[in-house]
Amino acid sequence: MPIPWTMYQTETRWADQFVLVKSEPNQAKRVNSDTETVPLEEAVRIVRSIAHKTGTETIPVDEADGRTLSESIFAPDDIPGFDRATVNGYAIISSDTIDAQIRPINLTIVGSITKGLSKNHELSPGQAFSIQTGGKLPAGADSVILEEDSIVQGDVISIQHPVPPDVHIIRRDEDFKKGEPVYPAGWILRPQDIAVLVSIGRIRVKVRKKPIIGIISTGRELVPSESIPKSGEVREVNSYLVTAFCKRQGAIPVRYGIIRDDAEELTRLIEQASQECDAIIVSGGSSRDEHDITAQVIHKLGKVYTEGISFAPEKRTTIGQIDSVLVIGLPGHPSATFMVLTLVVIHLLQAMKGSPNQQVYRKYVRLTDTLHASKDSDRYIRVTITDDKATPVFGKSGLIHMLSQSDGIVKIPAGSKGYNVGDRVEVMIW
C-alpha cells in the first residue's frame, strides 16, 4: 500500500523526530545572545527555518540508498499489472464451490498456467486451471485452491469445501493503482524503497544533492591528531567526529584545519568556507570567556541568533548566519559536541536535504538508577543499555570515554518528577 503523504517517514520503532518542532520558513528571530539562551525546540526551529535546501541531481536508483527524494513518485501503471496466484494450486470460480459444503464439487481441468509470459486464458463455469505461484489468473477466475486442499484424478479436481472469492490471489492494482503516490518529495530512501522503485520501473531518481559542510576546529590547546601532545595540549578530535557524523547523515564534510583561538584567522577561514560550503560547523571557541571567538566572528560577518541552548547539562552552542550559509558553533568537548550534533545539527542536515524529519531509533527499557529532573530545563542523560536495562553514564565534563560507554540518551522534561529505578523510559539511540 502507498505511504500516506500526511505522515512523517516512520517505520516500526522509528519516530519522526525526537524533538518535535514545526518548521516555519523565514521565522527565525535574532535573540540577545549576551543574556538569553533558547530552548532546544527553539534552536531546532531556528536551524530548520534558515537552512537553505541544496540543489538536485538525477542518479541511478541503485546509488540512491540514504538519499532524499526531491520529487514525488507516482505509480506509472497498475502494479503488479495482472491478477496472479500466490500459491501453487488451481484457479477456479469461487461460486462453483458454494454447494461443496453439501457434496463434493467436481471441476474439469482445462489447462495449465506457469509463471512468466502467458497467453490470455479464460475460465468458464465448471472448469479449473492448474496454476503456479506468480502465474497470471485466467479471465473469470477469482480464487485459487491449494493443491493439498483438493483431490485430483486425471483431468478432474474434486473440491470438498466452499472456497471464498479472492483467496490466494493478488489483484492487478493491489500494490499500487496507476497515478497513486508511492513516495513524497523529502522521503529518505532505504534499501527496501529501492526495491519498490525498481518494481514500478524507476531506475533513475531525482534527489537532493549532498550538502557540503565546512568543519573548523578552534582551541589554543589543540594539536593535530597524529602529533604527540606536549604538556597542556590535547589531540584534535572533533573534526573527525563531525566528519563521521556528517557522512552518516548523507553530507560531504570538508575539514579546514585548526585555528588556535585567532579571530582574524577564523574570520578568513569562515569567509572562505562560506563561499565553498552549504553550512559551516565550528567546534570550540564557544565558551563564556574572552576566547569565545566564534560568536564574535559570526557577529562581524553576519548575524547571531543565539549563543546558548537551555538544556541540562547546558551546551554552549552558537547559531548564526552569513549570507545564506548557516554557521553552528559547537562546544569543544567531544562528548558535548556529539550531544549537540545528535539533537541539533542533524536537523540542519535533514533540512538542507529537504527532508521534513529526523530519523530516530527509539528503544524502551527500564532504568537501573534514579534520574532527577531540573526545575528550569530539560535534562539529557547518557545511558548504556544491557539486557533491555538502561544504566545512566555519569561523568565529569570533558571525559571522552563517555562517548564509548553510552548507547543513547534519555530526556527528562523540566519540572517533571524525574524517573525512578525500574521505570520504563524511552532512549534515543545514538
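How many of the 11 residues of helix α1 are buried? In this predicted model, 9 of them are, so the helix is largely enclosed by the rest of the structure.

## The enclosed helix α1

Helix α1 covers residues 40-50. Its buried residues are Leu-40, Ala-43, Val-44, Arg-45, Ile-46, Val-47, Arg-48, Ser-49 and Ile-50. Two arginines, Arg-45 and Arg-48, are on that list.

Arg-48 turns up again in the surroundings of Ser-355, a residue in the loop between α6 (334-352) and β23 (360-367). Although Ser-355 belongs to a loop, it is buried, with a relative accessible area of 2%. Leaving aside residues up to four places away in sequence, Ser-355 touches Arg-48, Thr-68, Gly-186, Ile-188 and Gln-350.

## The chain as a whole

Stepping back, the chain contains 7 helices and 27 strands. Of its 430 residues, 47% are buried. The accessible surface amounts to about 20700 Å², and carbon and sulfur atoms account for 49% of it.

If you look at contacts between residues at least 6 apart in sequence, 71% of them join residues at least 24 apart.

At the β19 end, β19 pairs with β21 (residues 318-322) in the antiparallel sense over 3 bridges. Within β21, Ile-319 is the bridge partner of Thr-306.

## A closer look at α4

The 14 residues of α4 reach 20 Å from first C-alpha to last, close to the 20 Å expected at 1.5 Å a residue. Which residues of α4 are buried? They are Leu-266, Thr-267, Leu-269, Ile-270, Ala-273 and Ser-274.

## A second open sheet

Another open sheet, again of 6 strands with mixed pairing, runs in the order β8-β5-β7-β6-β10-β9. Its edges are β8 (143-146) and β9 (150-153); each has a single partner strand, so one side of each is left without a neighbour in the sheet. Neighbouring strands in this sheet are turned by 35° against each other on average, direction ignored.

Inside this order, β5 (residues 89-92) and β7 (residues 127-131) pair in the antiparallel sense over 3 bridges. Here Tyr-90 stands opposite Ser-130 in β7. As background, strands of a sheet pair through backbone hydrogen bonds, either parallel or antiparallel.

## Cysteines

How many disulfides does the structure hold? The count is 0. Cys-246 is buried, with a relative accessible area of 0%. Cys-277 is buried as well, at 7%.

Technical notes. Residues are numbered from 1 along each chain as its sequence is written. This is a predicted model: local features need pLDDT of at least 70, side-chain atom pairs count only at pLDDT 80 or more; totals for chains, interfaces and linings use all residues. Side-chain values use heavy atoms; hydrogens and water are left out. A disulfide is a pair of cysteine sulfur atoms within 2.5 Å. Buried means under 20% relative accessible area, exposed over 50%, partly exposed in between (1.4 Å probe, protein chains only). Helices (H or I, at least four residues) and strands (E, at least two) are DSSP runs, numbered from the N terminus. Contact means heavy atoms within 4.5 Å. Accessible areas come from the Shrake-Rupley method with a 1.4 Å probe; for residues, only the protein chains shown count as cover. Two strands pair if DSSP finds at least two bridges between them. The expected span of a helix is 1.5 Å times one less than its number of residues. Axes are lines fitted to C-alpha atoms, for helices over the stretch in contact, and angles run from 0 to 180 degrees between N-to-C directions.
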